[in-house]
Structures are given as C-alpha cells and as structure tokens.
Amino acid sequence: MSTTLEVRNLRTHFFTRAGVVKAVDGVSFTVGRGQVLGLVGESGSGKTVTGFSIIGLVDPPGRVVEGEILFHGRNLATANEEELRHLRGNRIAMIFQDPMMTLNPVLRVDTQMIETVLAHEKVSREEARQRSRDALGMVGIPSPDERLKSYPHQFSGGMRQRVAIAIALLHRPELIIADEPTTALDVTIQGQILAEVQKLAATTGTSLIWITHDLSVVAGLADEIAVMYAGRIVEGGEVGAVLDAPMHPYTVGLIGSVPSRNRRGEPLRQIPGMTPSLLKLPAGCAFRSRCPRADEACLVEPDLLELRPGRRARCFHPHLEGVGA
Amino acid sequence: MTVYLLRRILQSLMVLLAMSVIVFVGVYAIGDPVEILISPDADQMERERAIAALGLDLPLWQQYLVFLQNALRGDLGRSFVFNEPALQLILNRMPATLELAFGAMFLSVLIGLPLGLYAGLKPESIGSRVIMAGSILGFSLPTFWVGLMLIMVFAVQLGWLPSSGRGETVQILGLHWSFLTANGWSHLAMPAFNLALFKISLVIRLTRSGVREAMLMDYVKFARAKGLSPARVTFVHVFKNILIPVVTVVGLELGSTIAFSVVTETVFAWPGMGKLIIDSINVLDRPVIVAYLMVIVLMFITINLIVDILYSVLDPRVRLESKA
C-alpha cells in the first residue's frame, strides 16, 4: 500500500505574549492510500492545529517550527505559499467543524463552488458549473441545479455540510482532512454523512484524516486511530485493537467516559482533573497529574514505543492485560 | 416589498407631522420674531399691521393649523426676511450642499476603504499604526480649525486652491452645479476634504475592525483551504461582508453630513443650506427653519429607506418583507 501522507515529528508552536504554546509537539503518523486515520482527543489536544499544519494554514502567532510533512514524498513544511495554494482544495482538501460558519453567508453556493474549480483548473465557467452541480448530486443534495443558485442560509446544517463536502470533492483530492465535520449535526444526519464519506473514500481511493472527539464515529469509520493528548500522540494502532484493549491510561479513561447501558445506575465515569495548560506543561508525562498509575518514573517524558506489534503507546505503565502478545 | 414600502411611507408621514409640531412649538418658545423683524421705531399701528400680515396675531395652535393647511398644498410658508417661499429658498441652496456632501462621502469611501483594508490585513505593520494614529486625529480635530488650516496652507501660502465660494457653475435642469467645471472642482476640493475628514476616519476604523473580524471567520479559512488566491479571498470573501456595515454607516452619515455641513459651509463661504439655516435661526425666520427641517427629515427618511434596500441587496439573509 502506497503512502499518501507521512508526518514526522511535527511541532507547531504559538508564540504568544504569555509564552510559547506547544500546541503540537512531536507528532508522527502515516496515512496510506484510501486509508482513514481517526485523530482523537479532547478539545485543546492539538488535533485541529495538526490538520491546519498539514495544509499550511496555521495563522500567526503560530508556526510549524520543526518536522516534516511528506505528501507523496514532497515536504510541505518547507513548501512556499504558492505551492501550498495549488495543493489546497486541489489535492488536499479540508472540511471544517461548523457548517454554519464555513460557507460565506453573502455569496451564492454556485459562486463558492465555481471559484474553487477555477482556482485550480482552466476550464470554462459553464464546465465549472456542471462540475459543481455533479458534485452536489454526488453528496446527495436533491435538485442540485436549483440549489446552486441558493445562498447558504437557505440550507439546513446537514445540507450545508454536504455542500462543504461537495466543495472538498471537486478536484478529487488524494487527501481530505475532516475536522469534526459531523460534531454539529444530528445523529441521523451524522450517520448519512459518514456513510456518504465512507463510500466516496472507498470508490475514489481518497485518504482521510478524520479529526474528532467522538469515539463511536472513529470506531465505525477509521482504519487507524491516533489518540492525542496535550500536543502529543499517546497511543496509536489499528482501530479495533485500540478500542478493544487500550493500552494508555488516557485512552482507557476516554473510552470509559463514554456512557454505557451496561453500567446503568452507576455514576458516570470521568477522567479526574483537567487538560493541563499548554503554556506550562509539567516536566514528564503530561497526563501524570490525572493518571491513576502515575509514579516517580512518570517525571520523565516517556517515548512513543511499539509495545506490541502494530500498537504504539507513550507510557511507562501501559495496560497490557487484554493485549495479545 | 410593496406592503413594506407603503408601511415605511406611512411611518415617514407620521415622523414629518411630529417633527413639524416640535419645531413649531420650539421656535415659538425661543423668542418672538416680531422683536427682531420690525424696526423698534415703528408705531403701534404699523406693528399690528405687520404682525397680522405675518399671521403672528393668531394663537399658536391656529398658526399651526394654517401652516398645516398650506403645507398639504405644498406651500411651507414665506420667509419673514426674504419674503420668498421658504421651500424655494432652500431648494435653491440645496445643490451646493448636496455637491459638498456627496463629494465628502465619495472622498471618505475612496480614501477610507483602502486604508482601512490595509490596516485590517496588516494590523501590526508600521503603515497601519500610522493610519490608525491619523484616524484619531481625523476624529478629534475640530472641523473649523482644520478648515482654517487648509485655507492657510493651500490657499494663502501655496496658492493652489481658492479659499471660498463655488467658482463657475453649469446650469442643468434649472439648478447650478459646480462639479462639472474644472474651476468648480478646484473650489470643491478643499471644503469636501474638510467635511470628509471625520468620515474618512470613521470608514477606516469601520473597515479595519470589519476586516479583522472577518479574517478570523471560518469562511475565510475555508476559502483559503479551497486554494483561492489571497486577492480573491480579500476582495470577494472579506470585502463583500464588510460592505454591509460600511454601506449602513456611510448611508446614515450622508444625512448628517448634509445636515451638519454648516461649519464647513461657514468657513469656506460655501453658499449652501447650512449657511441659510444659521442665518434664519438668528432672525427666528420660522418658515425657513420649519421648511429646512422638513426637507432634512425627508432626506433622512429617504436615505434610510435606500440603505435598507441596499442592505437587502448586499446581505441575502435580510428580507424586507419579514420586517414589515
């Protein structure tokens, strides 16, 4: 299987007045062709910044300070803005979290779609319009011809997200970065969109980075999972294996936090404490202060190690009980 | 749309009516024009004849009803001083003021929008800091002082521009316009800039804050994620959004520019309505004051209506029917 994207030791820092915020601090992962990577973590764990770093849209005071972002072998971390612009929306597309905010409220849908086509290809307006209409049809928007002439506010949230996805699909990108695209939607709409995306990824060979905090979405959609905490990946591996037998205490806590019918009547489980401020990360493991297994060893930062075949975790005291050798 | 317009027109008539009552009573309360208009050495007979001729012998409410009756026929009374129809007097002066006001608004958009856009896109640059500091001056320096300084520099010392009057005018549709001649332009330049200074600062600040806000919006980031050129993101995605507040404020300011061009007109001896109203207030020339305010109110109402309609053109989310 060929590799679409390989991220090596990515560090994106924000240089604020209060200090340096290490939003992404040494993240590495690979996404193969047609593969879906689920990037999971709490708010502020650096998932979104990782996504923006890949397409070079980190705004000042933020900046990629270290690492390589290899897209088909080409390092995007050192690419210039013009080169990145030709990749964005063309070979790497992004879908945002809030469909209410991603479409420009004062421009018609056709304007916003046609400009995307014309930004990367020299075709006639008429052809660009046809392609836009076909893309809308593909994501399941009824009577796309009429809908093209509508303004974003005339669509429901789910429909707007479909439009955003249609825009992302216009150039049949090799990689789509989806930043919590279904979080703001109803469960039923979420299901439809997930099914749609899964079908598209399978038929077009598009790779996906699916950023979310919703484990159930990842379970149904992703091939691989990477769990982020305080700017670092703390656990990674094949999605079924990780969810069945998580090794890192944070992943265990995250999965445990999902309310379950089997534990009815018991108080809901939670991870004690709060995500530490990225401005003042304590030395050693960032999860130390909230971890039931922490001891003196955790005062030193653990490395992300392959503890079992295909299973990586960043922990001195991993849960290895349920994991096969 | 039709229902909406009818409703607006009805509202406007109510505003006009209320305004006329307030002004009528207000001017009556300030003082008695008789004391100013009739020479002190006139005898009692002459006085009474003059008072009766001006219709000032009736009680106030009757005076008002007479005024209202005439107003319905389009007659807003005759000036006590000039003995000409007040409306005619005002309309004769209007082109000069309109020219000045539109010139000023044009300048404020022409200068304010690009500067504000630059200041919003590069907030940390030295250029932006200079622009913002300049806009504070534009806000805080008194208009009359800036006007005098302009005259001193450009008219007295450099001798580039004339210091007063309208210059040559061209007559179109029975009205005199000076913006059609080169000489007229040179007369218009300084007063228009003087009047525009405050608006330029306003437009700069409005545009800058609008741009800074829009740049943080997801739709701008999404537009960039689509691979659009920075120019397209700025001039289509950002620009169209900031036009909404700018059009609103510029539109509303147009009314106040017309109404309060008094200072600039006085400094530059610009023969407009502002000069007329100041003179009329001094001699309590009530018909002119009332007629002037009626015209101004009508202008405000019309401008507001136009702004509302423009607004719905710019912002598809606004539908006028829903407000009616």
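The model is predicted; local features require a pLDDT of at least 70 and side-chain atom pairs a pLDDT of 80 or more, whereas totals for chains, interfaces and linings use all residues. Residues are numbered from 1 along each chain as its sequence is written, and chains are lettered from A, with ligands numbered from 1, in the order in which they are written.

The mean pLDDT (the predictor's confidence in each residue, from 0 to 100) of chain A is 84, and 98% of its residues score at least 70.

The contact between the chains (C-beta atoms, placed from the backbone, within 7 Å) takes 24 residues from chain A and 20 residues from chain B. On the side of chain A, two or more residues each come from α2 (81-87), α3 (99-102) and α4. Helix α4(A) gives the most, with four residues.

Helix α4 (residues 109-120) of chain A also meets helix α5 (residues 125-138) of chain A: their axes come within 9 Å and cross at roughly 115° (lines fitted to C-alpha atoms, for helices over the stretch in contact; angles run from 0 to 180 degrees between N-to-C directions). The contact involves A:D110, A:M113, A:I114, A:V117 and A:L118 of α4(A), and A:R125, A:A128, A:R129, A:R131 and A:S132 of α5(A).

How values were computed. Contact = placed C-beta atoms within 7 Å.
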